Amino acid sequence: MEIAKQLAQEIGPRVSGSPKELETAEFLSREFQKIGIEPKIQKFKYLGWEQVDRPSLSVLCPTKMDIKVSPMAYTGSTPRGGVEGILRFHGIFYLFPRLMELPKYAIIDDRGEKVAFLLVQPGSRSRPIPNPWLQILQDPMVLVGEEEFKPILKAIESRKDVRVHLEAMGKYVQSFTSYNVIATLEGKRSETIIIGGHHDSVEGSPGANDNASGVEGIFRMARKLLHKKRNHTFKLITWGGHEWGLFGSQYFVRDEKERGSIEQVKACLTLDVLGCGDFLWIWAGPPWFRGRIEATLKNSGFSEKREIRYEDTLIGSDDWSFSVENIPHALFMEWPAENLHFPSDLFENIDENKLNYTVDAAYAVIEDFDKGLK
Ligand SMILES: [Zn+2]
């Protein structure tokens, strides 16, 4: 677990675009060199976002109280001094369909205008999700933890007017720089299978389960593949820019497409959030590809050892960037992940048995793919 330990314990939070992320990319690059692969660091730029001040939410009536909120990246700002109004249920915000669908409340000011929004997150506290998946939103918006929202919800349900004040300010920042670390293992054919997972974390979180564990898995697979006769070429990639909106994998796919080499990419397997949870969750598509994974895990006995749930393609991790180009893709994730995006996502919480299981299962799937893909 040296790789995961180094990322989560020694480097710690490694927000994409920060010096810590560059340190991470350089460390991973050296680790690939140590096992005998010369990797390439792919640098890319993207539109960033930063909070100006910590957002603040106060309930003014029926009972005065302050509520902790987290910023929501790529959203608009309230004016300095904030906005005030009555809370009303607005609808459901599909942050990640089927994974995180959040109740959305509007703050309606005295002119009857929706001036800002609250998104209610499951769990006791709000956690930063700097990740509205490719959406650039103009409304001011913050995240509130379900538990902390309870008194407000109660008041709303008993038809009391809940008046709040919110100040939330952020700014867009041009040209954040991030990095993908790409290690290539040539095979008999130039047709390529990608094994990837992001190396960045959210602000303040050491990102152990999310996703030092997946990077650890990538290195374990690299070591195994290195000593195997390979039909396909393998690219083992750690992505940057993930937590801001899958920017690393999107950049890679776009770049391959521009240079006419995307047709060589035959499959992408993503490891994101391992060593935790109650079950292995596999999101995969198209259906024939998912079926093949299911069959492999059944035939090799993995299905008996732990619960595996299958899902069609969903937006949530870097395999999504490949799905857009109709490249067969799968995400291996262990769920639920209670510490996800919290400062408590610590190295000691990685369950090694669970991690071993999922990496072995992923490797069995990869070995099967290498026999030939449709
Ligand atoms: Zn992740």
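**Strands, sheets and helices**

Analyst: Start with a pair: cysteine 268 has histidine 329 of β16 as its bridge partner. Strands here are DSSP runs of E with at least two residues, helices are runs of H or I with at least four, and both are numbered from the N terminus.

User: What kind of model is this, and from where are residues numbered?
Analyst: It is a predicted model: local features need pLDDT of at least 70, side-chain atom pairs count only at pLDDT 80 or more, and totals for chains, interfaces and linings use all residues. Residues are numbered from 1 along each chain as its sequence is written.

User: Back to β16. Which way do β13 and β16 run?
Analyst: Parallel, with four bridges joining β13 (residues 265–271) to β16. Two strands count as paired if DSSP finds at least two bridges between them.

User: And how many bridges for β14 and β16?
Analyst: Seven, in the antiparallel sense; β14 covers residues 279–285. Isoleucine 282 has phenylalanine 332 of β16 as its bridge partner.

User: Why is β16 largely enclosed?
Analyst: Six of the seven residues of β16 (residues 329–335) are buried, so the rest of the structure largely encloses it. Buried means 20 or more other C-beta atoms within 10 Å of the residue's own; exposed is 12 or fewer, partly exposed is in between, and C-beta atoms are placed from the backbone.

User: What's the strand order in that sheet?
Analyst: β1-β10-β12-β11-β13-β16-β14-β15, an open sheet of eight strands with mixed pairing. β1 (40–51) and β15 (308–311) are the edges; each has a single partner strand, so one side of each lacks a neighbour in the sheet. From one strand to the next the twist averages 20 degrees.

User: How many bridges join β1 to β10?
Analyst: There are 11, and the two strands run antiparallel.

User: Helices now. What does α10 lie across?
Analyst: β11 (192–198), β13, β14 and β16, at about 175 degrees to β13. Axes are lines fitted to C-alpha atoms, for helices over the stretch in contact, and angles run from 0 to 180 degrees between N-to-C directions. Contact means that C-beta atoms, placed from the backbone, lie within 7 Å.

User: What does α10 span?
Analyst: 29 Å from first C-alpha to last, over 20 residues (352–371). That is close to the 28 Å expected at 1.5 Å a residue; the expected span is 1.5 Å times one less than the number of residues. Buried residues in α10 include Leu355, Val359, Ile366 and Phe369. Glycine 372 follows α10, with a positive phi near 145 degrees.

User: Glutamate 256: buried or exposed?
Analyst: Buried, because 20 other C-beta atoms lie within 10 Å. Glutamate 256 is in helix α6 (residues 247–258). Leaving out residues up to four places away in sequence, it touches Ser261, Ile262 and Val265.

User: New topic. Which domains are assigned?
Analyst: Domain 1 is 2–48 + 175–371, and domain 2 is 55–170. The bounds come from an automatic or database domain assignment. The C-alpha centres of domain 1 and domain 2 lie 33 Å apart.

User: What about the order β3-β2-β9-β5-β6-β7-β8-β4?
Analyst: That is an open sheet of eight strands with mixed pairing. β3 (65–67) and β4 (69–71) are at the edges, each with a single partner strand, so one side of each has no neighbour in the sheet.

Note on methods. Two residues are in contact if their C-beta atoms, placed from the backbone, lie within 7 Å.
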